[in-house]
Amino acid sequence: MSDQLSSDLASLRIQRDVDPDRRSPLRTALVAAVVLAAVAGAAAFALPRAQSAIFKTEVTTTEVALVSPAQASISVTSTGYVVPQVVSKVGAKIPGRIARVHVKEGDVVKQGDLLVELEDADQKSLVAAAQAKVAAARARAAASRASILEVEQQVARERLLVERQVTGRASMEDLTARMHSLTQSAAAADAEVKATAADVESLRVTLADRRIIAPINGTIMSKPPEVGEVVGLELPHFVEIADFSSLVVETDVPETRLYLVEPGKPCEVVLDAYPSKRHRCTTLEIGKRVNRAKATIPVKVKFVGEPKEALPEMSARVSFLAEALSEEAMKEPPKRVVPESAVVERLGAKVVFVVNEGQVKMVPIKVGGPAPGGLELLDGPAPGARLVARPAADLADGQKVKEREKGSE
């Protein structure tokens, strides 16, 4: 080994004070920063949602109202439903299989119109057989009467011979007895004709029952059965007809405001389905029973004229008026009104928070001028929509909430 190599080997050293697995401080700091940022982001995003899911924010609610232009004349306002007063649930008197259906849901029918036909071949056969029996009975009756005429002639001849003492009375008496017998037979045949004719009529009535007709004028409200379907005791009513000319609105008036409602007094109805149209009506009837649970009394109001848009079970708002309105006043549409307490600004736009199934939805709105109870709502939720009143600044779209009970504020 040369001296130079020995010198180089001797200069080699193992640095035992340096850890080879030790990470760079800069790298460690970067990793820590990324983890902290991720935790902070998760906390900022997920924590409020977790809190809102677990700890629902209690909110006070209000709603979008529909205010009539005749607000000054309104004494009582209530809600109700359109209900026909004349309804017929049509069924078959006898069980059978549907052969033909002549109507469909929504058709307008008149009293006596044919709705459904049941299979009737067997009944027609019975009617034909009974008619044949009637014909046979009538033939027997006719034969009996013909025989009576024949015997009457024989009796007349025998009586003449007896009077001339040509023959004895025995033959005439036999013919007389036979004539009496034939008379009774003819009477029996006539009675049989009547009995069989009555059977025919009964069978015809049963045959007619296979044709189900409309008992009233009205509109078909239900889907009729299909051809081949069997109707009977298990399906006693299969077509419902409602007379739309008898539509009224049944509403519940608070007991404490009933003194403001009188039969014959004017009112107006606004259907929820057509909030921009007002219908003239009059108070028809005040119920005779108080709902003690709700402290209300049912009241019926009748439309003046036939409302084309009204359908059974539609929701309606009734405003009882102190005086009748003119035609011009009735043409002015009602206004949607949003309470000012429900309107807030988000990102420079006016919005409301609509409460639906325990969750809020932020809805942009357009409002007009002041109106009774708030601001006129030009564009936004429909009347009756529940809104968060005085929404908090941190209330967010999609947040779950719990409606605060009335009187708990």
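How many bridges join β4 to strand β11, and in which direction do the two run? The count is 4, and the strands run antiparallel. Strands pair when DSSP finds at least two bridges between them.

This is a predicted model: local features need pLDDT of at least 70, side-chain atom pairs count only at pLDDT 80 or more, and totals for chains, interfaces and linings use all residues. Residues are numbered from 1 along each chain as its sequence is written, and side-chain values use heavy atoms, leaving out hydrogens and water.

**Strands**

Helices (H or I, at least four residues) and strands (E, at least two) are DSSP runs, numbered from the N terminus. Strand β4 covers residues 87-90, and β11 covers residues 239-242. S88 stands opposite I241 in β11. S88 and V90 form the covered face of β4; V87 and K89 form the uncovered one. In a regular strand the side chains alternate between the two faces of the sheet.

An open sheet holds 4 strands in the order β8-β7-β5-β10, with antiparallel pairing. Its edges are β8 (211-213) and β10 (230-231); each has a single partner strand, so one side of each lacks a neighbour in the sheet. Inside the order, 3 bridges join β5 (residues 96-101) to β7 (residues 114-118). I98 has L118 in β7 as its bridge partner.

**Salt bridges**

The structure holds 13 salt bridges. Each is a side-chain nitrogen of Lys or Arg within 4 Å of a carboxyl oxygen of Asp or Glu.

D252 sits in strand β12, and K294 in the loop between β14 and β15, 42 residues apart. R140 lies in helix α3 and E192 in helix α4, so this pair ties together parts 52 residues apart in sequence. R100, E117 and R211 are linked in a salt-bridge network.

Buried means under 20% relative accessible area, exposed over 50%, and partly exposed in between (1.4 Å probe, protein chains only). E117 is buried at 9%. R211 is partly exposed at 43%.

**A helix residue**

Q123 lies in helix α3 (residues 121-163). Its relative accessibility is 5%, so Q123 counts as buried. A polar contact of 3.4 Å joins the side chains of Q123 and R210. Such a contact is a pair of N or O atoms within 3.5 Å; within protein, one must be able to donate a hydrogen and the other to accept it, and residues adjacent in sequence count only if both atoms are side-chain atoms.
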